[in-house]
Amino acid sequence: GRDRTFHVGLPEKRIVGMISHLAAMLPVADGFGLAAQLAGRDDVACAFVGEGATREGDFHEALNLASVWSLPVIFVVENNGYGLSTPTRDAVAVEDIADAAAGYGMPGVVVDGNDINAVRASVEQAAARARAGEGPTLLEMKPFRMRGHEEASGTAYVPNALFEQWGERDPIARYRRQLVGSGVSEAVLDAIDVELTETIDEVAEWALLQPEVESTLELEQADVFAPAPVS
């Protein structure tokens, strides 16, 4: 896509294209929550933001409005310990971003972001609360970023010990161990891995074989400006 995958939405899956992966999407979530509330639907809006963006005004404004109007919104903060390359401990005076929720009269929950079951349970609880008319929830997921902030950056600023520590908590490997512990056989999980790999390879191959994107100035301008009125 012209704006890369961060800005691609899938309306049929109810995924809204992003304005930015910073705090600018949180007020948008308030808008969707208000729309659902006014229409009498039990929809719940969910917006994601990194811990670095929680220092932006949009974050606090969105939480305040959602709380005052009891909007059905879930605010998810992905706190991986680094806002781009700045350690969170050097930029935030508290250990948990979830503490900010208290200032806006909503629950703030710290979640192990590398535990799939914990993530799912916390979201289900927050959604049930929103649908019951009890307002928004702030969920602070604490995972870890094993790669750079984006494709062009490295990880030289991260101590190697953290990679070793968090590598043992890889969410997929961890969930696999949980499934095996609950009685699911390794053979069944191996078959799922093979099926998923084949599916991804097939889609990737299809994408690579597509013709190069071509455009014109007229087509690009048509995406920006409305057609001139006919007199």
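**Group meeting: local features of a predicted model**

L84 sits in the loop that joins β3 (82–83) to β4 (86–87); helices (H or I, at least four residues) and strands (E, at least two) are DSSP runs, numbered from the N terminus. This is a predicted model, in which local features need pLDDT of at least 70 and side-chain atom pairs count only at pLDDT 80 or more, while totals for chains, interfaces and linings use all residues. Residues are numbered from 1 along each chain as its sequence is written, and side-chain values use heavy atoms, with hydrogens and water left out.

Let me begin with the backbone. L84 is not a glycine, yet its phi is positive, at about 60°. Most residues other than glycine have a negative phi. L84 counts as partly exposed because its relative accessibility is 42%; buried means under 20% relative accessible area, exposed over 50%, and partly exposed in between (1.4 Å probe, protein chains only). S70, also not a glycine, has a positive phi of about 50°. S70 belongs to the loop between α2 (57–68) and β2 (73–78), and with a relative accessible area of 33% S70 is partly exposed.

I turn now to helix α5. D170 caps the N-terminal end of this helix (residues 171–181), with a side-chain oxygen 3.0 Å from the backbone nitrogen of I172. Within α5 lies Y175, which is partly exposed at 29% relative accessibility. The C-alpha atoms of Y175 and N117 are 8.3 Å apart, although 58 residues separate the two along the chain. Just after α5, G183 adopts a positive phi of about 110°.

A polar atom of the E140 side chain lies 2.9 Å from the backbone nitrogen of I97.

How many cavities of 30 Å³ or more does the structure hold? The structure holds one; on a 1 Å grid over the protein atoms alone, a cavity is a set of points where a 1.4 Å probe fits but cannot get out, and lining residues have an atom within 4 Å of a point. The largest cavity contains about 30 Å³ of space, a volume being the space filled by probe spheres set on the points. Its lining consists of N80, Y82, F144, R145, R147, Y157 and V158.

Key
A polar contact is a pair of N or O atoms within 3.5 Å; within protein, one must be able to donate a hydrogen and the other to accept it, and residues adjacent in sequence count only if both atoms are side-chain atoms. On a 1 Å grid over the protein atoms alone, a cavity is a set of points where a 1.4 Å probe fits but cannot get out, and a pocket is an open set with protein on both sides within 12 Å along at least five of seven lines; lining residues have an atom within 4 Å of a point.
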